[in-house]
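Please keep the sequence and the 3D view open while reading.

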Amino acid sequence: MRSGAGWLASATQSQVDEFLAGLSENALLALPWMFEFWALPHQLPPDGAWKTWVIMGGRGAGKTRAGAEWVRSEVEGAGPGDPGTARRVALVGETVDQVRDVMIFGESGILACSPPDRMPEWQAGRKQLVWPNGAVAQVFSAHEPDSLRGPQFDAAWVDELAKWKKGQETWDQLQFALRLGENPRQVVTTTPQNVGVLKAILKNPSTVKTHAPTAANRAYLAASFLEEVQARYAGTSQGARELEGLLIEEVEGGLWSMAALEAGRIEVVPVLSRIVVAVDPPVTGHKGSDACGIVVVGAFTEGPPQDWRAVVLEDCTVTGASPDVWARAAIAAMDRHKADRLVAEVNQGGDLVERMIRQIDPLVPYRAVRATRGKLVRAEPVAALYEQGRVSHVRGLVKLEEQMCQMTRAGYVGRGSPDRVDALVWALTDLVVEPSEGWRRPQVRGL
């Protein structure tokens, strides 16, 4: 049978009708149970010799269905009584009740996905499922890691690992138990959270990952649900985690925390005195280059300096861009926000940075800044402004905030260079920390 997910999404109605007309009666009866035909790409296991498949997604993205169907594919054989790849399966959730109510009896659980002739029997007293071919799936709670001592398995389905209170201990015990067969494997279905056990699993070379936002499964979700949650949470760190299925990493000793940034988020931009666009150019300008950090920040700077407040308005960072592209992006940001000045670091590009800007707008108010201190030293006074509650964020700054939460007193621990944070630091330094002379005192304004 042809691949379902990609073909079905792009086929015309006449193509679908023609395809269905060509199927035998038995094939039509079997079609609802052939998940590989209906599945979305993130719900199908990747190719290759993997040990762990992590399905990360937003709420309602179809993770449970993918996990249930994977268990089916492992335990079922060609016929109802024929053996499959796996004979002993561990079903592990936060509690026994959640395994039973979601993974087994849920609307997308194993029983709902199983055809009548292959339907497993739930044996409540023994907390297990038994298939017609003799395969058995046992239920375990993450609250009782030691219950995994003794049993052994050739497959496992782990659900919502990121919220387990004893996640690492339970995961470790499961790894010792997953020792039957030639290639014991496991699937993890979870909404991501910044927990060590999940991050370690994702870094393991034997792990593969698929990912999807909530909206990927919109055909099976109430439109009113999507509209409500997107209106309320889109553009926030919670939305990135719960709707986009993104892992927002934080580290111990970070200069910023996601909780603090979330607490300072605002919905309405206050009156502002000045706005700057800050640029942190990359060393080179090609696809493999670091990003060009471009951040827009406004500030209310009336009265004594201790009363000044700032708002981060936009992160318009560009990646893999030529100098002409990032220069135009910075000028466009100035135009959108009616900014008073463009601030650019010139350590890497020197006079080239200003030349690129002036080629696009010769009259742009421009200030070159040069780093004479390390990133951490420059960032600490800015972090102090946040601790004092003097900087707020609008929605939509998730990537910037993720970089901020990986900036520690020992340096930046994220991947690549903290280009977005560098631009943020330059903007807030220019506006509040070390306001430069020569600022024209503009009229107080709102956006």
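A salt bridge is counted here when a side-chain nitrogen of Lys or Arg lies within 4 Å of a carboxyl oxygen of Asp or Glu. The model is a predicted one, in which local features need pLDDT of at least 70 and side-chain atom pairs count only at pLDDT 80 or more, while totals for chains, interfaces and linings use all residues. Residues are numbered from 1 along each chain as its sequence is written, and side-chain values use heavy atoms, with hydrogens and water left out.

## The chain as a whole

The protein chain has 17 helices and 16 strands; these are DSSP runs (helices H or I with at least four residues, strands E with at least two), numbered from the N terminus. Of its 447 residues, 50% count as buried. Buried means under 20% relative accessible area, exposed means over 50%, and partly exposed is in between, with a 1.4 Å probe and protein chains only. Contact means heavy atoms within 4.5 Å. Among contacts between residues at least 6 apart in sequence, 70% join residues at least 24 apart.

## Salt bridges

The salt-bridge rule gives a count of 23.

| Pair | N to O distance |
|---|---|
| Arg65 and Glu69 | 2.8 Å |
| Arg265 and Glu401 | 3.1 Å |
| Glu267 and Arg395 | 3.2 Å |

Arg65 and Glu69 are four residues apart in helix 5, so about one helical turn separates them. Arg65 is partly exposed because its relative accessible area is 27%, whereas Glu69, at 6%, counts as buried.

The salt bridge between Arg265 and Glu401 links distant parts of the chain, 136 residues apart. Arg265 sits in the loop between helix 12 (258–263) and strand 9 (274–280), and Glu401 belongs to helix 16 (residues 398–404). Both Arg265 and Glu401 are buried.

Glu267 and Arg395 also form a salt bridge. Glu267 lies in the loop between helix 12 and strand 9, and Arg395 in the loop between strand 14 (391–393) and helix 16, so this pair ties together parts that are 128 residues apart in sequence. Glu267 counts as exposed because its relative accessibility is 60%, while Arg395 is partly exposed at 25%.

Salt bridges that share partners join Arg65, Glu69, Arg72, Glu76, Asp117 and Arg118 into one network.

Asn133 lies in the loop between strand 4 (128–130) and strand 5 (136–141). Asn133 counts as buried because its relative accessibility is 10%.

A polar contact is a pair of N or O atoms within 3.5 Å; within protein, one must be able to donate a hydrogen and the other to accept it, and residues adjacent in sequence count only if both atoms are side-chain atoms. A polar atom of the Asn133 side chain lies 2.7 Å from the backbone oxygen of Val75. The side chain of Asn133 also reaches the backbone oxygen of Asp82, at 2.9 Å. Leaving aside residues up to four places away in sequence, Asn133 touches Val75, Glu76, Gly77, Pro80, Gly81, Asp82, Pro83, Gly84 and Arg87.

Grid points are joined across faces, edges and corners, and a volume is the space filled by probe spheres set on the points.

The structure holds one cavity of 30 Å³ or more. The largest cavity has about 30 Å³ of space, and its lining is made up of Glu76, Gly77, Pro80, Arg118, Trp131, Pro132 and Asn133.

## The second largest pocket

The second largest pocket has about 790 Å³ of space. Of the 31 residues that line this pocket, the closest to its centre are Gly60, Lys63, Thr64, Arg65 and Ser108. Helix 4 (35–38), helix 5 (63–75) and helix 6 (96–104) are the elements that give two or more residues to the lining. Helix 6 gives the most, with five residues.

## Positive phi values

Glu160, which is not a glycine, has a positive phi near 50°. Glu160 is found in the loop between strand 6 (155–159) and helix 8 (167–177). Lys338 is likewise no glycine and has a positive phi of about 50°. Lys338 is placed in the loop between helix 13 (323–337) and strand 12 (341–345), and is exposed, with a relative accessible area of 60%.

Methods:
On a 1 Å grid over the protein atoms alone, a cavity is a set of points where a 1.4 Å probe fits but cannot get out, and a pocket is an open set with protein on both sides within 12 Å along at least five of seven lines; lining residues have an atom within 4 Å of a point.
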